[in-house]
Amino acid sequence: MRTWLSILLLTVSCYPVWPRTANEWKSRIIYQLLTDRFASSQSSGCSDLHSYCGGTFKAIISRLDYIQGLGVNAIWISPIPVNTPNGYHGYWAKDITAVNPQFGTEDELKSLVSECHKRDIWVMLDVVANHMGNQRHGDWNNFTFFTPFDQQAHYHAFCEIKDFSNQNQVEVCRLADLPDLDQSNSFVDSTLRSWVSSTVQKYQLDGLRVDTVPEVPKEFWSQYSQSANVFTIGEVFNGDFDYVAGYQGPMDALLNYPLYYKLLSAYQKQQSMRSIHDGVTTERSVFKDVSILGNFIDNHDNPRFLHGNSQYTVLYNALVYIIFAEGIPIIYYGTEQGFTGGGDPDNRAPLWPHYNSNHVIYQFISKCVHFRQRLGSSLYGSSQVERYVDDQFFSFSRGQVLMCTTNTGSSQSVRRTITYHPYKTGDRLVNALDTSDTVVVTNSGIDIVMSDGMPKVYYPSSAAVTSSGGTSSDHDKNVTVGLSAGILALILLVVAVVSLSVHLAQRRKSSSYHVVNQTTPMLDNSSITSLEHSSELEQ
């Protein structure tokens, strides 16, 4: 009886927590890390960025306080299969059936996910279904060292992608000489889908980042995503809005590469900020849902933002955009420590020993992210509305929060009057990034002064923001939802207890019957099957 009640209480207390949906991911801010480069048990640097530097799952666990202090509530980790030599990044699979021992063990990965979940940090795994790892140059038909795809029939015939405008070539030829899997092969198709399903379930993953999406037909991705049964966000490394948008459907969402290039133009290169207006307008016309696209300004495949423009002030403005704009923000490890690496592998330097939570960029990101978290669904549940744009200034709102950004840097003063806004005359607005900075809405609008080029995030002083997340009205909604969930859990518990009581009563009755009647009739096959299923439910 005690065991039954323990199982029932555990089941009710955990329901519902998994799998995570695309809509739920809107509440997340993702911290992208390379498993080999984020945390290590060693304190020294890395002598060769082209190979393993020593990062592990276990070491990530030891640095979760650092991640949590930043305010982010999801991490994106590297692909986990065993790789061919120097595959520190995880994209050169050799054996998809085993976990890369350089990163740790299966149990250590499970511990990482478990420890993250205890902190309400979700885990997104990077996955690859387009190709396997490196072969010996010229020995293109030898696949015997790959597991489980060890036959030539598992791959497309050798050819190289030379024309990325030729979609057939993109899908059947090799990217960077990596052996290209043939997803039309039934074994390849079923194995990849079975692997992703079992991996998600084994490690209780919350989402997937999918590599090299356009290199595989859309039909496969639709089936793959269904097998995964969690949120999927794909990489289409392309700036064409229409082309990238075509993969939303097979994938839940995409990394927002088209907007990324617009943001670099406006902030890093300090060109006209009207490019952001153009980008947002275009993406709304072609994507099915822009609210779940992944917004970023740094990642492992491109030179870091500060490599192209070393001004922290300009970086701050770009960060305010991706953190508060419509979409899921993605912060790449090292951005918070002012990393300036150029192309691969310089943009993948180890983070250790740079875990300075007092770094000015760490503190800035933390302040922005924590404020976003406190706003809750009043922010991520609201659409983005453009309020003002010109060559040097871009302002937008979501709900009752007004974001003002500029690309001038700290050397110029910017003054604008916003007349199109969601407030009433007389409203007093407070800058969440500097609460000593306030402005009152007048008949003529909102006078914005940016004397040092710093971005501003204004909210009405009358709209109290709760410590647990959301405005006061949003908090009330959360309380209502919480109460409803609690009532549902109580009902489920009562039903379970009643069912258990009936079950026990039946067992006692059955036991009494067997004592009285020694000639119990034989059970037929259907009865045996029924009892087996009943036994599975009881365990």
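Let me begin with Cys404, which is buried at a relative accessible area of 0%. Buried here means under 20% relative accessible area, exposed means over 50%, and partly exposed lies in between, with a 1.4 Å probe and protein chains only. Cys116 is likewise buried, with 0% relative accessibility.

A word on the basis of these values. This is a predicted model, in which local features need pLDDT of at least 70 and side-chain atom pairs count only at pLDDT 80 or more, while totals for chains, interfaces and linings use all residues. Residues are numbered from 1 along each chain as its sequence is written, and side-chain values use heavy atoms, leaving out hydrogens and water.

I turn to the disulfides. A search of the whole structure gives two disulfides, a disulfide being a pair of cysteine sulfur atoms within 2.5 Å. One joins Cys46 to Cys53, with an S to S distance of 2.0 Å. This link is left-handed, at -75 degrees about the S-S bond. Cys46 is partly exposed, at 23%, whereas Cys53 is buried, at 4%.

Cys159 and Cys173 also form a disulfide, with their sulfur atoms 2.0 Å apart. The torsion about its S-S bond is about -100 degrees, so this disulfide is left-handed. The pair links distant parts of the chain, 14 residues apart: Cys159 is in the loop between strand E5 (122–127) and helix H6 (167–172), and Cys173 is in the loop between H6 and helix H7 (186–203). Helices (H or I, at least four residues) and strands (E, at least two) are DSSP runs, numbered from the N terminus. Cys159 is partly exposed at 21%, and Cys173 is buried at 6%. With bonded cysteines counted along the chain, the pattern is 1-2, 3-4.

Next, the aromatic rings. Rings of Phe, Tyr and Trp (its six-membered ring) pair if their centres lie within 6.5 Å; planes under 30 degrees apart count as stacked, over 60 as edge-to-face, and the rest as tilted. The count comes to 33 aromatic pairs. One of them is the tilted pair of Tyr66 and Tyr362, 5.1 Å centre to centre with 45 degrees between the planes. Tyr66 lies in helix H4 (residues 64–70) and Tyr362 in helix H14 (residues 360–375), so the pair ties together parts that are 296 residues apart in sequence. Both tyrosines, Tyr66 and Tyr362, are buried. Ring pairs link Tyr66 and Tyr362 with Tyr31, Phe38 and Tyr355 into a cluster.

Finally, Arg28 lies over the face of Trp122, 3.8 Å from the ring centre. The criterion is that NZ of Lys or CZ of Arg is within 6 Å of the ring centre and within 35 degrees of the ring normal.
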